[in-house]
Amino acid sequence: MLFGPNRKHPIVGASPAQILEQAGLAGKRIKRLPSGDDSDPYLCAGRYVLKLPRRASVVDSQRREFELYRFLERETLPCEIPKAVRRGENYILITHLGGEALSPRDYSRLSERERDCLARDEARFLRALHAVQTPAELPLFSAVRQDKKTDFSGDRQALIRILVSKGLLTPKINGTIEEIYQRILNSSLLLCYSPCLIHNDFSRSNLFFRDKRLYGVIDFGDFRISDPDNDFLCLLDGSSDDFGLEFGRRVLKFYDHPDPNAVLRKAAFYNAYWPIQQILLGDERNDTKMARRGLTTLFHMDPDDFLI
């Protein structure tokens, strides 16, 4: 739920209008933007975006996002990203990029040449981002360095805990879970990679366009030091939210990936793994509907879907 400009936000303890007044932007026009999973965003004066955390657990990730924008000011990236303006205890203020959305229907009307140009733009951005040097000694990056083996082991423990709490952990389901995670934790494909800076939510909803070309990338709140192939997962999941699998393959081609088949296999794995993530995220966010969707699929899962 987005809170109005003059209504006190429950996490921040102040209204968006009060926060912007503190930032020297009193009296400027405030417009609510579509809410994401983690933030309530507001456009101010057509130039700035105020991001308020939807949950207390998001405060730290927003702080890191703000610090990343500051760090990336020294880098030359092939398209625009937000610039850091001001950070409060429970909010961040960044620049608004402008640009426009490009819908799947818009994409379907592009010529082959235009589709290739757009795919090259996205591939060029990902290559540049993945090449950014991230000093290991900086807390900004050490805090988000991902150990996938540890993370998957944690997922297994959390999943078991949730099922036990709901009285749903039958011997059959337990056996399925154990077989799935045995395969995951023995997979060199998933666990062996050269970590680098990744956006980690590289999807159409976080991209801006101009003249049918990529103009800007936003919402780095989930960034990690992890597997660069993660940045292809949204592009290759076949979802109607993006431009489809065919476009994802184009981006992968122009990225000049050394093993595109490995990326496709990882994308297929994460599609199969999504119901488990729905259960975990639903529990974390108290989103009953999301958790229920994941649970419904879990009860019909086949470990052979995780042959990786």
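Tyr69, Leu72, Glu73, Glu75, Leu77, Cys79, Glu80, Ile81, Pro82 and Lys83 line the second largest pocket of this predicted model. The space in this pocket comes to about 160 Å³. Its lining is made up of 6 nonpolar and 4 charged residues, with no polar ones.

The model has 1 cavity of 30 Å³ or more, and the largest cavity holds about 30 Å³ of space. Around this cavity stand Val59, Gln62, Arg63, Arg87, Gly88, Glu89, Asn90, Tyr91 and Ile92. Helix α2, which spans residues 59-72, contributes the most to this lining, with 3 residues. Here the lining residues divide into 3 nonpolar, 3 polar and 3 charged.

Within α11, the buried residues are Met290, Ala291, Gly294, Leu295 and Leu298.

Aromatic rings give another view of the fold. The count of aromatic pairs comes to 14. One of them joins Tyr107 and Phe247 in an edge-to-face arrangement, with 5.1 Å centre to centre and 70° between the planes. Because Tyr107 belongs to helix α3 (residues 104-108) and Phe247 to helix α9 (residues 245-255), this pair ties together parts that are 140 residues apart in sequence. Both Tyr107 and Phe247 are buried.

A further pair, Phe209 with Phe243, is tilted, with 6.1 Å centre to centre and 55° between the planes. This pair, too, links distant parts of the chain: Phe209 sits in strand β7 (residues 207-210), while Phe243 sits in the loop between β9 (224-226) and α9, 34 residues apart. Phe209 has a relative accessibility of 0% and therefore counts as buried. Phe243 has a relative accessible area of 11%, so Phe243 is buried as well; the cut-off for a buried residue is under 20%.

Ring pairs also build a cluster, which brings together Phe152, Tyr181, Phe269, Tyr270, Tyr273 and Phe306.

Terms used. Residues numbered from 1 in each chain as written. Predicted model: local features only at pLDDT ≥ 70, side-chain atom pairs only at ≥ 80, totals over all residues. Heavy atoms only, no water. 1 Å grid on protein atoms, 1.4 Å probe; cavity = no way out; pocket = protein on both sides within 12 Å on 5 of 7 lines; lining within 4 Å. Points joined across faces, edges and corners; volume = space filled by probe spheres on them. Nonpolar A, V, L, I, M, F, W, Y, C, P; charged D, E, K, R; others polar. Buried < 20%, exposed > 50% of the residue type's maximum accessible area, 1.4 Å probe, protein only. Helix = DSSP H or I, 4+ residues; strand = E, 2+ residues; numbered from the N terminus. Phe/Tyr/Trp six-rings, centres within 6.5 Å; stacked < 30°, edge-to-face > 60°.
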